[in-house]
Amino acid sequence: MAELVPFAVPIESDKTLLVWQLSSGPTAEALHHSLFTAFSQFGLLYSVRVFPNAAVAHPGFYAVIKFYSARAARRAQKACDRKQLFQKSPVKVRLGTRHKAVQHQALALNSSRCQELANYYFGFNGWSKRIIKDHYRSL
């Protein structure tokens, strides 16, 4: 079954992963890179955000990862949960929880994000803003 991937900022919970039990050893920037590398194997990512754990929790980090595709997010969750992706201890990965009472208006993507999304799903490697005249119409 095909999945519709809109040209909009992904806000749905089924496109969002929460990743926790991330090590306190590396920097947030290094974790961002490792998470991006590990999770982008499953589909195009909209964002990867890394946060320090709360002061009352163990030292370390957690992350929120947003995919454009709900199918890619589900595959990533199943494949990565309780696995040692890039650290010695396993991470926990869960899909976002649904809040049916909250309604959000879809926000359009900016042009560079639209190009990124189109390139990924259509297989293009570049776009042109030039208008190319069709020479065969004038014949």
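This is a predicted model: local features need pLDDT of at least 70, side-chain atom pairs count only at pLDDT 80 or more; totals for chains, interfaces and linings use all residues.
Biologist: Where does R71 sit?

Modeller: In helix α2, residues 70-80. Helices (H or I, at least four residues) and strands (E, at least two) are DSSP runs, numbered from the N terminus.

Biologist: Which residues form the positive surface patch?

Modeller: R71, R74, R75 and K78. Patch members have over 30% relative accessible area and no salt bridge; like charges are joined within 9 Å, nonpolar side chains (Val, Leu, Ile, Met, Phe, Trp, Tyr) within 5 Å. Lys and Arg count as positive, Asp and Glu as negative, while His and the chain ends are not counted. Each charge is placed at NZ of Lys, CZ of Arg, CG of Asp or CD of Glu.

Biologist: Salt bridges next. How many does the structure hold?

Modeller: It holds 3. The criterion is a side-chain nitrogen of Lys or Arg within 4 Å of a carboxyl oxygen of Asp or Glu.

Biologist: What does E12 pair with?

Modeller: K15, with the closest N and O atoms 3.4 Å apart.

Biologist: Where is D81 found?

Modeller: In the loop between α2 and β4. D81 is buried, because its relative accessible area is 13%.

Biologist: Which residues is D81 in contact with, leaving aside neighbours within four places in sequence?

Modeller: A76, V91, K92, V93 and R94. Contact means heavy atoms within 4.5 Å.

Biologist: And which side chain does R82 meet in a salt bridge?

Modeller: The side chain of D81, at 3.7 Å, N to O. R82 counts as exposed, at 53% relative accessibility.

Biologist: What about R94?

Modeller: R94 also forms a salt bridge with D81; the closest N and O atoms are 2.8 Å apart. R94 lies in strand β4 (residues 92-95) and D81 in the loop between α2 and β4, so the pair ties together parts that are 13 residues apart in sequence. R94 counts as partly exposed, at 30% relative accessibility. Shared partners join D81, R82 and R94 into one salt-bridge network.

Biologist: Changing topic. Which residues make the nonpolar surface patch?

Modeller: F7, Y120, Y121 and F122, covering about 430 Å². Areas come from the Shrake-Rupley method with a 1.4 Å probe; for residues, only the protein chains shown count as cover. Y120 lies in helix α3, residues 111-122. At 40% relative accessibility, Y120 counts as partly exposed.

Biologist: Overall fold, then. What order do the elements run in from the N terminus?

Modeller: β-α-β-β-α-β-α. That gives 3 helices and 4 strands in the protein chain.

Biologist: And the chain totals?

Modeller: The protein chain has 139 residues, and buried ones make up 29% of them. It exposes about 9900 Å², with carbon and sulfur atoms supplying 57% of that. Among contacts between residues at least 6 apart in sequence, 64% join residues at least 24 apart.

Notes:
Residues are numbered from 1 along each chain as its sequence is written. Side-chain values use heavy atoms; hydrogens and water are left out. Buried means under 20% relative accessible area, exposed over 50%, partly exposed in between (1.4 Å probe, protein chains only).
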